Each structure stands twice: as structure tokens, then as C-alpha cells.
Amino acid sequence: MQQTIADFGQFQLIERGLSNNTIISYKNDLESARKYFVSQGIKSWTDVDRYAVLNLLAHLTNAGRSKSTISRQVSCLRQFFQFLLQRHLIQTDPMILVKVPKGGRHLPTVLGEDEVNRLLKTPDVNKQLGIRDRAILETLYATGMRVSELTNLTLGELHLDVNLVQPRGKGDKERIIPIGEEAQDWLERYLNNVRPRQLANRPQSKYVFLNAHGHQLTRQAIWQLIKRGAQLAGIKKRVTPHTLRHSFATHLLEHGADLRVVQALLGHSDIATTQIYTHVSQQRVLEVYRHTHPRA
């Protein structure tokens, strides 16, 4: 990866006649990006996809880097990946769907669909608590619920006969969310086979997810579950319960969901809050264009 950065510097010097200071600035930005990608387990430029780039930008934003610094990084990466593409060193340009949101809003860290699948499979489902943990992960990703909504979810808010859950969000507002077959299957396994044993010889609880002692599960316990799962799945990104919420929204938009529908599912009162996810949802637009425009 470092040699390619050096080759890019030579190209900028010889082909474009840029100044040494400009080239040094480009190389420093690329070296910084390279170190971040390596820290995430990416060891080749061919393995850098738009998720990796977006997570880099989220990392820079959350680290307090200025908007101009992030814009410069985006510009540098665009030129660099075009350089790699023209020399057939990569197959696709990961920057084609990347843009910096206006207003300097923090970008969410998102997982690719393969990463989510690996994370969901980390609990040991041969154990009772493993079934509970799988149900938790599947439910978080299937519904996009906040971790506080999940820990406070009650049996009365489950409507599994019609494939729906009805959590209470911010401001005690209720909303209805469909739940997919896979998540519902694991949730029913937990409710039928594990939860009754957690409550054996103990007072009944209205909460869905319980700890080994039959008490309401805490947010901290779910954070630890996801952190441990990310490590087992070999995911280098900083993964939190909210990462699954971000991924839920992003993947819905990428598969063609309407922004207003995603807003309702997430429980956002203002659609501007939901629009943060559109920076990673343009793939659908591009695919439709490529398949329908006569000269695409």
C-alpha cells in the first residue's frame, strides 16, 4: 500500500506538475488513511470499499477534525482511487458513492451486510444465554431499536402473531415496527425455551430480555455483548448497539426503502435526522440509472 502512495506522488509530480508541498500533503493524507485502514484489518487498496471510506470519515469527524480537513481527505482519496482505477489496480472506485454531509454532522459508523451476518452468528446457541444473545442481536438489527428501547421492551409490546413489535421511544412515543422471520424465530426460541427457565422460582417480569438471575437486562450488558461479538467476528470497527441501528437504516435505504418509511421505523420526529443515512444509500440510484438509461 505504501509503494502505491509513492507511485501516486510521482504521478502528481511528473504528469500533473504539482508542487512538492501539495504532493507531501496528499501523501500525508493517504498515509493517514492507510494506517486507519490497516488498523481495521484492511491490508490492500483492493479491499477498501465505501463502508471503509465512510467509517474513515466518521472516525475523522468524531475525532474533531475540521470540515475542510475532511473535504481535503475526500478530494485526495477521489484522485488516488481514480489513479488506481486507471491503472487497473482496483476493479471499482469506492469513492463514487461517497460525499461529505453538509453541516459537519457526525457520520455514523456502519457495518456491511457480511459483517452484520458474522456478528449475528457469534453467540453460542448451544447454550441458553447464547439463544438469548442471538435473539437480542437479531432483534436489534431487524428493528433498528435503540438499546434503551430493547431493554425496556415488555411482553405486551410484542405482537408476534402479526410480526410486529411496538417499542416506546424518546418522549414515551410508541411506534410499530415489522420484525423479520429470522429475528422472530430466534425471539420465539428465547421466549419459549430460555426465558421460562430464567424465571423458575422467581417473580414474573414484564420485560422481554432478562439476565441469568431473571432481572431486566441492562444497557451495559448489551454493550458488552456487542463488543465481544464484534471481536469474535473479527470486526475492527468500534461497534456499539447504535451501530446496528445505523446499519439497519443504511441497508434499508440501499435496498430501495423510502426515506419517510425509514424515518417512521427509526422514530425520528424530523426527517433531517434520517437524512444522515442517505450518504451511503445512493447505490440504489446508481444501479437504477445503470440498468435503465439507454447510454449508461
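What covers the buried residues of helix 4? The cover includes helix 1 (2–14), helix 2 (20–39) and helix 3. The legends below describe close-up views of a predicted model.

**Figure 1. The whole chain, for orientation.** The protein chain holds 13 helices and three strands. Its C-alpha atoms fill a box of roughly 80 × 40 × 35 Å, taken along the principal axes. Of the 296 residues, 47% are buried. Take the contacts between residues at least 6 apart in sequence: 61% of them join residues at least 24 apart.

**Figure 2. Helix 4 and its buried residues.** Helix 4 spans residues 67–86. It has 20 residues and reaches 29 Å from its first C-alpha to its last, close to the 28 Å expected at 1.5 Å a residue. The buried residues of helix 4 are Ile-70, Gln-73, Val-74, Cys-76, Leu-77, Phe-80, Phe-81, Phe-83 and Leu-84. Helix 1, helix 2 and helix 3 are among the elements that cover them.

**Figure 3. Helix 3 packed on helix 4.** Helix 3 runs from residue 50 to residue 62. Its axis lies 10 Å from that of helix 4, at an angle of about 155 degrees. Angles over 145 degrees count as roughly antiparallel, so helix 3 is roughly antiparallel to helix 4. The crossing is right-handed. Helix 3 contributes Val-53, Leu-56, Leu-57, Leu-60 and Thr-61 to the contact. Helix 4 contributes Ile-70, Gln-73, Val-74 and Leu-77. Seven of the contact residues are nonpolar, two are polar and none is charged.

Figure 4. Most residues other than glycine have a negative phi. Is His-88 buried or exposed? His-88 is exposed, with a relative accessible area of 69%. Asn-163 also has a positive phi, near 60 degrees. It sits in the loop between strand 1 (158–159) and strand 2 (164–165). Asn-163 is partly exposed, at 37% relative accessible area.

**Figure 5. The surroundings of Gln-198.** Gln-198 belongs to helix 8 (residues 181–198). Its relative accessibility is 5%, so Gln-198 counts as buried. Which residues is Gln-198 in contact with, leaving aside its neighbours within four places in sequence? They are Leu-129, Arg-132, Tyr-190, Leu-210, Asn-211, Ala-212, His-213 and Gly-214. Asn-211 is 13 residues from Gln-198 along the chain, and 7.6 Å separates their C-alpha atoms.

**Figure 6. Helix 6 packed on helix 10.** Helix 6 covers residues 128–143 and helix 10 covers residues 241–254. Their axes are 7 Å apart and meet at an angle of about 45 degrees. The two helices are therefore oblique to each other. On the helix 6 side, the contact is made by Leu-137, Leu-140, Tyr-141, Ala-142 and Thr-143. On the helix 10 side, it is made by Leu-244, Ser-247, Phe-248 and His-251. How do the residues of this contact divide into nonpolar, polar and charged? Six are nonpolar, three are polar and none is charged.

Methods:
Residues numbered from 1 in each chain as written. Predicted model: local features only at pLDDT ≥ 70, side-chain atom pairs only at ≥ 80, totals over all residues. Heavy atoms only, no water. Axes fitted to C-alpha atoms, helices over the stretch in contact; angles between N-to-C directions. Helix = DSSP H or I, 4+ residues; strand = E, 2+ residues; numbered from the N terminus. Parallel < 35°, antiparallel > 145°, perpendicular 65-115°, else oblique. Left-handed = near helix turned anticlockwise from the far one by under 90°. Contact = heavy atoms within 4.5 Å. Nonpolar A, V, L, I, M, F, W, Y, C, P; charged D, E, K, R; others polar. Expected span 1.5 Å × (residues − 1). Buried < 20%, exposed > 50% of the residue type's maximum accessible area, 1.4 Å probe, protein only.
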